[in-house]
Amino acid sequence: MNLWPYQEEGAAWLATKRGALLADEMRLGKTPQAIVAADMIGARSVLVLCPAVARINWIREFNKFSILSRPAAAIMSSGAPTCPNGVTVCSYDLAVRKEVLPRLLAIRPDVLICDESHYLKSTTAQRTAAVLGKNGLVHTARRFWFLSGTPAPNYPSELWPLLHVLGVYPGKYDSFVRRFCTGFHDGREFKVTGGKNEADLRRLMAPIVLRRRMKDVWKDMPELTFADVVVEPGEVDEETWFPDWRFNPHRKDDVAKQEAILRAALSGAKGADAFKILEGLAGSTATLRRWTGLAKVEPALELIKAELDAGLDKIVVFAVHRDVIRALVDGLRDYGAVSLFGGTPTAKRQRNIDRFTTLPKYRVFIGNVQAAGTAIDLSVANNVIFVES
């Protein structure tokens, strides 16, 4: 697939750097830029560290954007094999395990890509030491690129681990904090409350940071962009959502049979044919579809929370099953989630729409595709996630 012009520039910029931070805003496609940059330098061995929910998606993105033929493996458990002569994708949580870290260190990749690199902001965290410490993964790589739309979510002090390993600030953490942070001493330690000398910090970071905002590149982009995100299935609380299975275990066996039938029917089918098959089996796979929706709640919550924590103002989420919507609302309650599905009383329906569209603290609208799919103006948000199509 082709990159947009600003993405081509970003990939070319990364390819010139041994160490760099690509800090484009969310939704600008940092992943394909890093993949194409790896191709540009002819990297055969690539190690990607990312949040657990993104592992499978990284593999798919390599298949989509890379022109090089490399074997690839996502590490899904402590015992899973790496791919030293290809692409290895591992979560930060697994990377720190004693069964996994030595095998990652042995890869010695052509390039190490740290996705959502703000996961490495803490100077005391185990994963920061495993990746950026004196014996960390970064020192085994020929090149190391960091990707984050929010490299310092809270304070400038969170930039020090990356700037230190990138070589632009060789001084210690305490001196960095004194120079670029405000705060107070509570008798035990210095508490950071803000930043200072921002112009000096920007000049310091300029050689190794590239950041573009949506407003800077929107002319290069289509009005609408779509992206599929593949996630690993989360846990489904069967006691809550399928209580009858407890007394009738054969009902659960029926779901496995539904899956087998569906897979067999879809084998080899593509496009319109696959859609017709899905339509034809809709009635007989109802429980399987509900279970699948619930299995996507946990990873969807992780993705949505990450976007909101990173500064996204508001987001619209669509689903089909009422249980899925309820589970999403419960998981996003702290973000001011409101919902709308069939059977929502008229007064409550309008109240929830008004809250989302007019009040800043209500940041998530979760709607049933049919009940909330028409005659509602949700243009206060620019991002939509379909948890269930």
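Axes here are lines fitted to C-alpha atoms, for helices over the stretch in contact, and angles run from 0 to 180 degrees between N-to-C directions. With axes taken that way, helix 2 (residues 30-40) runs at about 170° to strand 6. The model is predicted, so local features need pLDDT of at least 70 and side-chain atom pairs count only at pLDDT 80 or more, while totals for chains, interfaces and linings use all residues. Residues are numbered from 1 along each chain as its sequence is written, and side-chain values use heavy atoms, with hydrogens and water left out.

**Overall dimensions**

- The C-alpha trace spans about 65 × 50 × 45 Å along its principal axes.
- Of the 389 residues, 46% count as buried (under 20% relative accessible area, with exposed over 50% and partly exposed in between; 1.4 Å probe, protein chains only).
- In the protein, 69% of the contacts with a separation of 6 or more join residues 24 or more positions apart (contact: heavy atoms within 4.5 Å).

- The protein has 17 helices and 13 strands (DSSP runs numbered from the N terminus: helices H or I, at least four residues; strands E, at least two).
- Seven strands form an open sheet in the order 3-4-2-5-6-1-9, with parallel pairing (two strands pair if DSSP finds at least two bridges between them).
- Its edge strands, each pairing on one side only, are strand 3 (72-74) and strand 9 (209-210).
- Four bridges join strand 1 (residues 19-22) to strand 6 (residues 143-147) in the parallel sense, and Ala20 stands opposite Trp145 in strand 6.
- Helix 2 lies across strand 1, strand 2 (46-50), strand 5 (111-115) and strand 6.

**Nonpolar cores**

- The largest nonpolar core has 40 residues, and those with the most contacts inside it are Leu49, Leu104, Leu112, Phe146 and Leu163 (a core is a set of buried Ala, Val, Leu, Ile, Met, Phe, Trp, Tyr and Cys residues joined through side-chain atoms within 4.5 Å).
- Helix 7 (residues 160-165) gives the most to this core, with four residues.
- Beyond its neighbours within four places in sequence, Leu163 is in contact with Val168, Tyr169, Phe176, Leu201, Met205 and Ile208.
- A second, separate core of 30 residues includes Phe242, Ile315, Ala327 and Ile366.

**Helix 14**

- Leu288, Gly293, Leu294 and Ala295 are the buried residues of helix 14 (residues 286-295).
- Their cover includes helix 11 (238-241), helix 12 (250-266), helix 15 (297-309) and helix 16 (322-331).
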